[in-house]
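Reader: Please show the model, and then we can go through how its chains meet.

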Protein chains: 2
Amino acid sequence: MSSSGNCHKVRLLIDYLKIPHEWIETDPRYGATKTAEFRQMNPNAHVPVVQLEDRTYLPESNAILYYLAQGSSFWPADKLSQARVLQWMFFEQYDHEPRIAVNRSIQSITNTLAERRAEHEANLPKGYRALGVMEDHLRTNEWFGAEQVSIADIALYAYTHVADEGGFSLADFPRIRAWLGRMEAIPGHTRMRL
Amino acid sequence: MSSSGNCHKVRLLIDYLKIPHEWIETDPRYGATKTAEFRQMNPNAHVPVVQLEDRTYLPESNAILYYLAQGSSFWPADKLSQARVLQWMFFEQYDHEPRIAVNRSIQSITNTLAERRAEHEANLPKGYRALGVMEDHLRTNEWFGAEQVSIADIALYAYTHVADEGGFSLADFPRIRAWLGRMEAIPGHTRMRL
């Protein structure tokens, strides 16, 4: 689904690396990931899922990024940098996505703000806490995880650059805004479409 | 904290691999991860965090597993198996831990079931859904991620083997129970202490 940040992560990397692919649009809002056919591809019933050259399927956006980035500059060479890239990708799935992406889904994707206002409000301080951890990291680092742009930056860019669509303002996060600008200067970059 | 599954993941791997270490007990229930001193080690204020040989700190349980498993049989050699190991580790942090570990924390660690009953109840079907995805995978696979035991199994073992402490019964998950038994047969294995 093109308006899913988890799918957009994959789009960013395949665009940066110019990986030939076919993009098949799948909209979970209308049950497309709950069918028996889709569950054959991903029993966990989430997008994105990629079909590889050998026709096997690989789900989980951040695992797909790992696979596609091998041999490119988006996956660093040394073990500690690799672990730090994964550190930020696990942070993204545990501390960032469940607040910032979920509020965007409530407010701008599924339009369920009226019935999920308490959840949306509870997510705001938790999402701002995650943004604070990112802003703090950028005081002394240009990128997340490695000395140069990596799949950790792609994973975190996906929902951060549309945080406003979930009610999060980046006004007090100048370093995050500057980092988003560095991401958007990479040749081949595309923003997400709503 | 020895009763944290995220910390127990690290203990399991260092015990299996006999990695020399010093274990420093830190209890988030009493604010120990919120101090300025702890935030120097992990600005995200979670346990576990390891200090490496060069004195730098690495947080995020699953990133620590990645780092420590390099060069061992717990990290597979081929790219697709590696991606599948990470696939299950991201599943663990996104779909499994927030339901199964959180309910255990509510019910058995922080003892806040009275005031968090609605959250606990909402987590039950989501946690059972995650357990169902695992049970389904074990129909045709002995392990998660690779052909042999890997850090994906360690990550998933941590909170699954104490799921009952969060109100989840494994009675209807015979394949998960058999897999837990395979994990517990590995030399050096330890169960978590409450």
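Reader: How many residue pairs are in polar contact across the interface of chain B and chain A?
Author: This is a predicted model, in which local features need pLDDT of at least 70 and side-chain atom pairs count only at pLDDT 80 or more, while totals for chains, interfaces and linings use all residues. Residues are numbered from 1 along each chain as its sequence is written, and side-chain values use heavy atoms, with hydrogens and water left out. A polar contact is a pair of N or O atoms within 3.5 Å; within protein, one must be able to donate a hydrogen and the other to accept it, and residues adjacent in sequence count only if both atoms are side-chain atoms. With both residues at pLDDT 80 or more, the number of pairs is twelve.

Reader: Which helix gives the most to the side of chain B that touches chain A?
Author: Helices (H or I, at least four residues) and strands (E, at least two) are DSSP runs, numbered from the N terminus. Strand S2 (57–59), helix H3 (61–69), helix H4 (79–109) and helix H5 (117–137) of chain B each supply at least two residues to that side. With 15 residues, the top contributor is H4(B).

Reader: How much area do chain B and chain A bury between them?
Author: Buried area is the accessible area (1.4 Å probe) that two parts lose on being put together, summed over both. Carbon and sulfur atoms carry 63% of the area here, and the total is about 3100 Å².

Reader: Which residues of chain B lose the most area to chain A?
Author: Three residues together make up 22% of what the chain B side buries. They are B:Tyr66, B:Phe90 and B:Tyr94.

Terms used: Chains are lettered from A and ligands numbered from 1 in the order in which they are written.
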